[in-house]
Amino acid sequence: MSSPTSIVDLNDASLLARLQDLVVASPVPEAAISEVLQVLQKARGYIDEDALRLAASLTGLSPVKVEELCTFYSLVLREPVGTHVLRICDSIACHMAGAQDILTQARQHSGVDLGEVSRSGKLTVIPHVCIGLCDRAPALMVDDQALGPVDIQTLTRLLAQLEADIWKPS
């Protein structure tokens, strides 16, 4: 997921209409929560308190319940992130295949701790519990694109492309 360069206003008519359409199309309003959160995160880069309250209001869930869901699902981001989010799988298969070296290299390249935004604003590196590419370990996700296997050379090229804004998902 690429984070937007500017946060979309939650009062934006087209955003609200899209969210309301998701809720109406669901068998019950509460069932739309994951899709509502995905749309809000895509529009805002992460789920801030205002987006959380809007999601709760639209679906009829309490803000506490929406917060519980946000903390349960690792793809929901509750803090600002860089333009690109690099999720490095830390499952046992990826760990055994060298994911720790990939994570260390990505963190060193970004120059900040895990979960923080790089100085350029272009990258946030986070570990991620299993992205489902155990047969292609070590694996990672850039925004919504899964890649694997990834070695240090591939990672170095990827990071350079992300910094230069020339990376294109396949």
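Modeller: Leu15, Arg18, Leu19, Leu22 and Val23 of helix 1 touch Glu35, Val36, Val39, Leu40 and Ala43 of helix 2, contact being heavy atoms within 4.5 Å. This is a predicted model, in which local features need pLDDT of at least 70 and side-chain atom pairs count only at pLDDT 80 or more, while totals for chains, interfaces and linings use all residues. Residues are numbered from 1 along each chain as its sequence is written, and side-chain values use heavy atoms, with hydrogens and water left out.

Colleague: At what angle do helix 1 and helix 2 pack?
Modeller: Helix 1 (residues 13-25) and helix 2 pack at about 165 degrees, with axes 9 Å apart. Axes are lines fitted to C-alpha atoms, for helices over the stretch in contact, and angles run from 0 to 180 degrees between N-to-C directions. The two helices are therefore roughly antiparallel; angles over 145 degrees count as such, and those under 35 as roughly parallel.

Colleague: And which residues join helix 3 to helix 4?
Modeller: Leu52, Ala55 and Ala56 of helix 3 meet Pro63, Val66, Glu67 and Cys70 of helix 4. By class, there are 6 nonpolar, no polar and 1 charged residues in this contact. The axes of helix 3 (residues 49-59) and helix 4 (residues 63-72) come within 9 Å and cross at roughly 115 degrees.

Colleague: How do helix 6 and helix 7 pack?
Modeller: Helix 6 (residues 99-110) and helix 7 (residues 152-163) have axes 10 Å apart, at an angle of about 30 degrees. That makes helix 6 roughly parallel to helix 7. Helix 6 contributes Asp101, Ile102, Gln105, Ala106 and His109 to the contact, and helix 7 contributes Ile152, Leu155, Thr156, Leu159 and Glu163. These residues divide into 5 nonpolar, 3 polar and 2 charged.

Colleague: Turning to the largest pocket, how much space lies in it?
Modeller: About 400 Å³.

Colleague: Which residues are closest to its centre?
Modeller: Of the 17 residues lining the largest pocket, Ser34, Gln38, Gln41, Leu75 and Val76 are the closest to its centre. Helix 2 (residues 33-44) gives the most to the lining, with 6 residues. By class, the lining has 8 nonpolar, 5 polar and 4 charged residues.

How values were computed: Helix = DSSP H or I, 4+ residues; strand = E, 2+ residues; numbered from the N terminus. Parallel < 35°, antiparallel > 145°, perpendicular 65-115°, else oblique. Nonpolar A, V, L, I, M, F, W, Y, C, P; charged D, E, K, R; others polar. 1 Å grid on protein atoms, 1.4 Å probe; cavity = no way out; pocket = protein on both sides within 12 Å on 5 of 7 lines; lining within 4 Å. Points joined across faces, edges and corners; volume = space filled by probe spheres on them.
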